[in-house]
Amino acid sequence: MENGDSERPDRPKRPTRLSYILLGIAALAHILFFLPIEGVSTDIPAIGDVSTKEIIAPFSFPIIKTPEELERERETVRLNVPVILVHSGSIKDSAVAEFDSLWDIAQQLSQKNNIPARRDSLEALFPELSQEAINTFFELRRVSDIRTTIVGLLADVYSEGIFSWEFIPPGDTARLFNIKWGKRDEIIPSDRVMTVDVAREKLGEDVADRFRSYPEKGELIFELTSQFVYPNLIPDMELTRANRLKAVENVKSIRGVVLKDQRIVDAHERITEEIHQKLVSLAVAKSGRLATPPVVFSILRVLSRLIFTVMIIGILAHFIARFVPHIWIDSAKFAIVLALVWLPGLLAFVFRLVGWTEFPTPIAFSGALLAILFGSVTAVAATLSAALLVALAGEGSYALLVVLVIQGIVAGITFDKISTRRDSFRPIAYTAIASLIAIGVVDFVSLVEYGGFWIKSVSVVAGSVFGSLLALALLPVFERFVGEVTDFTLVEFSNTNAPVLQQLAIEASGTFHHSIVVSSLSETAAEAIGANPLMAKVGALYHDIGKLTHPEYFSENLSEDNPHSKLSPHMSFLVLSAHVKEGVRLAEVHDLPQPVINIIKEHHGTSVMYYFFELAKSQDPSVTQDAFRYPGPKPQSKEAAIVMLADAVEAQLRSMEETEHKAMKKVIKNVIDNKFAEGQLSECNITTRDLTLISEAFFKIIEGVKHRRPSLSTPQYQADHLERSGHVEL
């Protein structure tokens, strides 16, 4: 909504170059939404439904496999590709060499006399030998023939190939192995390849058969040999993966063809899984035809939509420049408007991308947020543009366009004047109900089958409610970005329980009461001339918080002991005028909105503190008014001007003894006329008609104010100067 800050004359009168750049960026950003999206139509009946019409193939097209069917075939093909096993002859040689080196040491042990030491050494050489085997070793008269037997057994075992599943990645259930025996390949089932465990079992059987007459020696030979059985069939997983990938890529995604003019499904026929897949295949075929036209046609299609987009955004920019120019000349505000026009298109694009309906598009988010920030005029114009762009980028749905237009307009109108979150429930309900009625009427008029009505209804209601709530949640972020102060923020600061106002009430009760009266005067006057009442009220509540630094020096807080009697006039002026600077500092500490800080800074303008000027001039005739003039600036907004006038009127009326209506009207008129004559109202776009309305509004409020403000000096001295100054600020 428009605030007093929007009328500041120090803003640039023309848009910056950035505004035009933003306009171009916004138009180009919509190209993303015009790109074709491949996909399957969501209007295909589900398996088990009954077809409402006969469907004939308009052209020949392949029947594509379902994703599940295609994945099953690919997995089957992948598992049927054999795992490559490479035979390594060097492993047998290494095993035999390792055994020989240990066996030479073992033979030397058999010749030593120290039996315990021999046993310990043998256990260290062959840790897997049992105690029985060790005993057998030392009982043998001749051990030289054992080596020949073990080397022969190892040669037999390694000749068949040994494999270990530990070399295969977990979860890889290989069915076939392709063993590469040098230049010869052998493909065998995985269950026929000998593993380490099987090789040891076979070795045990062979040894037991050979040494039936001397089983103890056979057990010793088995235990020694089994320690040197290692896998010599090594998987080549990299080559295996390459072969599997090639095989999977060769799996075709189609499993038949539907010929042109062939009946796919008859009217009133039940949709089977086979028929459903044919319909899906037809939709994909149509999508492929539309998604791959000639390049020139695709480019022309995008360009034509881009031209339409430029027209819509250009019209919106011209509308804003003419009816809400303060947004057009402010790059940050204009960027927010364009972003909130683009955002619904982005969300609708995402919905299309994932195959959802576009009806949940929360255009109410843009409408509500723009209405609260800039007013209903901007909100309605922006949401209307956004709705047109969403419909242009999508399928051009008439129902979608109508629903989005109504949802955006209702949100833009109903959220305009709310000032608290409690007030937002009604606009949210209005927006949701209007969207629901719109989709119902459109479906009824277009005679659309009501099977999808409930889905669309839930979608539009969810989009409108969620969009509105999200706008309220993100409002503070957008406020800070554009430097706009909404009524939501102003209502929070209008609470007199704010810490700084409570401090003012305790430490400077006279100033606090004065601020309350000034806020009532300002709010009423702002309503009278069409300014922002909340801004004027909040600005008035905080305009004198700077007096907290030295509250005892100001007339409304004076006690019988007047501290100014001990100060020079110029020093008194410095102490009193400092409350403006201190007020700005405190406002920044308490994070007050910038427009409120501006009112604090401007509520005295560049006026002269006449009381102390005249007092100083009586002591030194060479003193000039500039030495007793507030630093300014002058009021830059209507709200700041109203606070200045209300502050001056309240101060003078409190110092009056007479409370007759005519006298009060005369005082109000004199204060306003003096401020106008001094030029204090020359920079805030306020008219003489506004001043008349302000005067009348002040009088309505001031009729009930009968309080007498303590005078700094004698009544006679005050009377000589009040009429001319229009305000004594102490």
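Which strands does helix H10 lie across, and at about what angle does H10 run to E3? Helix H10, residues 237–249, lies across strand E3 (83–87), E4 and E6, and its direction is about 150° to that of E3. Welcome to this structure, which is a predicted model.

**The protein as a whole**

- Of the 730 residues in the protein, 49% are buried.
- Take the contacts between residues at least 6 apart in sequence: 78% of them join residues at least 24 apart.

- Four strands form an open sheet in the order E5-E4-E3-E6, and their pairing is mixed.
- At the edges are strand E5 (184–189) and strand E6 (233–235), each of which pairs on one side only.
- On average, and with direction ignored, neighbouring strands of this sheet are turned by 30° against each other.

- Moving on, E3 and E4 run parallel and are joined by four bridges.
- Here Leu85 has Ile179 in E4 as its bridge partner.
- At the other end of the order, E3 and E6 run antiparallel, with three bridges joining them.
- Val86 finds its bridge partner in E6, namely Ile234.

**A residue to look at in E5: Pro189**

- Strand E5 includes Pro189.
- Is Pro189 buried, partly exposed or exposed? Its relative accessibility is 30%, so Pro189 counts as partly exposed.
- Apart from neighbours within four places in sequence, Pro189 is in contact with Arg175 and Leu176.
- Asn178 is eleven residues from Pro189 in sequence, and their C-alpha atoms are 8.8 Å apart in space.

**A residue to look at in a helix: Ser464**

- Ser464 belongs to helix H19, which covers residues 453–482.
- Why does Ser464 count as buried? Ser464 counts as buried because its relative accessibility is 0%, and the cut-off for buried is under 20%.
- Once neighbours within four places in sequence are set aside, Ser464 is in contact with Ala364, Gln407, Thr431, Ala432 and Ser435.

**A pair of helices: H22 and H23**

- Helix H22 spans residues 509–529 and helix H23 spans residues 533–542; their axes come within 8 Å and cross at roughly 160°.
- This angle makes H22 roughly antiparallel to H23, because angles over 145 degrees are counted that way.
- The crossing of H22 past H23 is right-handed.
- On the H22 side, the contact is made by Ser515, Ile516, Val518, Ser519, Ser522, Glu523, Ala526 and Glu527.
- On the H23 side, Pro533, Ala536, Lys537, Ala540 and Leu541 take part.
- What kinds of residues make up this contact of H22 with H23? Seven are nonpolar, three are polar and three are charged.

Terms used
Residues numbered from 1 in each chain as written. Predicted model: local features only at pLDDT ≥ 70, side-chain atom pairs only at ≥ 80, totals over all residues. Heavy atoms only, no water. Axes fitted to C-alpha atoms, helices over the stretch in contact; angles between N-to-C directions. Helix = DSSP H or I, 4+ residues; strand = E, 2+ residues; numbered from the N terminus. Parallel < 35°, antiparallel > 145°, perpendicular 65-115°, else oblique. Left-handed = near helix turned anticlockwise from the far one by under 90°. Contact = heavy atoms within 4.5 Å. Nonpolar A, V, L, I, M, F, W, Y, C, P; charged D, E, K, R; others polar. Pairing = 2+ DSSP bridges. Buried < 20%, exposed > 50% of the residue type's maximum accessible area, 1.4 Å probe, protein only.
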